[in-house]
Amino acid sequence: MIRSLYDNLSKLSILVSSFDKVKDILLIWHKQHIALDLPYKIYYGLNYPDKDFIKTQSSEFSKRTLYSESYDWCYSLKKWILQIDSEYILLLLDDHIIRKFESKHIEILLTNLKKKNINFSQLTYASNSLSNLHRNDYFLYGELPKGKYSINLQPSIWEKELLLKLLKNIESAWDFEIKSSLKFNTNNSEIKAIFFLSKEITFFEQYIERGKYYPNRFNKAINKNLHQFLKREKVTIRRRFISHLGFIYKVIKEFFKAIKKLKIIKIQQIYF
């Protein structure tokens with residue numbers, strides 16, 4: 001078991017995708033997660049080296065940062081990925097804040113991704129609402145339902161080679177989600193996808209939208225001593241209300257899609 005855990009830890013890396021105009025948000029991610037002491041290699045994706053910014057950061061932050069030397073989203077993501085040597089990548093955006101991340105559950109997931117030839121696993125389907133249906137010693141999984149945005153940039157574990165293939169001829173993050181989902185929706189798709197939900201692998205709701213932040217989400221996700229590093233405007237109250245309605249609709253829709261394919265397994269049972 002110890003050897004298996006070590007092997008799986010080396011198979012997975014975490015890539016936090018960001019860009020130069022939001023370095024403040026990426027810095028908050030870094031400071032927020034230091035205390036978690038995650039047992040995986042963590043990389044930060046930025047566009048161009050900034051000597052003045054680097055001088056003010058710790059060596060730990062600097063050595064984790066990868067540069068694409070481009071502002072093109074697709075090219076940048078490919079450039080960062082090619083600098084990572086693990087078989088699987090947990091791809092996060094810079095406002096995907098980890099709440100819990102239990103390595104034992106990740107070990108179970110990675111073992112079964114390999115065994116079943118699964119190359120994509122979404123970790124927040126139905127925004128973890130399904131996780132409320134079971135105890136801590138169980139987790140939920142199932143075949144990922146097909147839809148317009150089935151393959152997206154929410155917290156997910158990717159097989160690196162698949163991710164590189166899907167990034168061909170892509171113009172933007174939005175274009176990536178639509179085209180990847182279309183490929184997933186076809187018969188005999190090369191994308192083999194599941195959702196995997198655990199009470200010990202959870203994330204806070206994203207707090208940034210178009211450069212502005214949701215104060216309630218930010219306050220829940222980020223430690224108070226780090227609030228000083230965010231110098232941004234708040235999302236308008238009207239937009240917060242609309243977003244909340246959209247969030248409720250998304251959760252309900254995904255909940256009923258997932259419930260049809262849902263399977264529950266006890267943690268002690270290593271294989272699906």
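A salt bridge is counted where a side-chain nitrogen of Lys or Arg lies within 4 Å of a carboxyl oxygen of Asp or Glu; the structure holds 11 of them. This is a predicted model, in which local features need pLDDT of at least 70 and side-chain atom pairs count only at pLDDT 80 or more, while totals for chains, interfaces and linings use all residues. Residues are numbered from 1 along each chain as its sequence is written, and side-chain values use heavy atoms, with hydrogens and water left out.

View A. Asp175 and Lys179 meet through their side chains at 3.2 Å, N to O. Both residues belong to helix α8 (residues 173-185), 4 residues apart, or about one turn of the helix. Helices (H or I, at least four residues) and strands (E, at least two) are DSSP runs numbered from the N terminus. Asp175 is buried at 12% relative accessible area, whereas Lys179 is partly exposed at 33%. Buried means under 20%, exposed over 50%, and partly exposed in between (1.4 Å probe, protein chains only).

**View B. Salt bridge between Arg217 and Glu205.** The two side chains meet at 3.0 Å, N to O. Arg217 lies in helix α9 (residues 215-221) and Glu205 in the loop between β10 (201-203) and β11 (208-209), so the pair ties together parts 12 residues apart in sequence. Arg217 is buried, with 18% relative accessible area; Glu205 is partly exposed, with 33%.

**View C. Salt bridge between Lys212 and Glu233.** The closest N and O atoms of Lys212 and Glu233 are 3.8 Å apart. Lys212 is in strand β12 (residues 212-213) and Glu233 in the loop between α9 and α10, 21 residues apart. Lys212 is partly exposed at 33% relative accessibility, and Glu233 is exposed at 54%.

**View D. Second largest pocket.** The volume of this pocket is about 200 Å³. A pocket is an open set of points on a 1 Å grid over the protein atoms alone, where a 1.4 Å probe fits, with protein on both sides within 12 Å along at least five of seven lines; lining residues have an atom within 4 Å of a point. Among the lining residues are His30, His33, Asp37, Tyr40, Glu60, Lys63 and Arg64. Elements giving two or more residues to the lining are α2 (23-33), β2 (41-46) and α4 (59-64).

How values were computed: Grid points are joined across faces, edges and corners, and a volume is the space filled by probe spheres set on the points.
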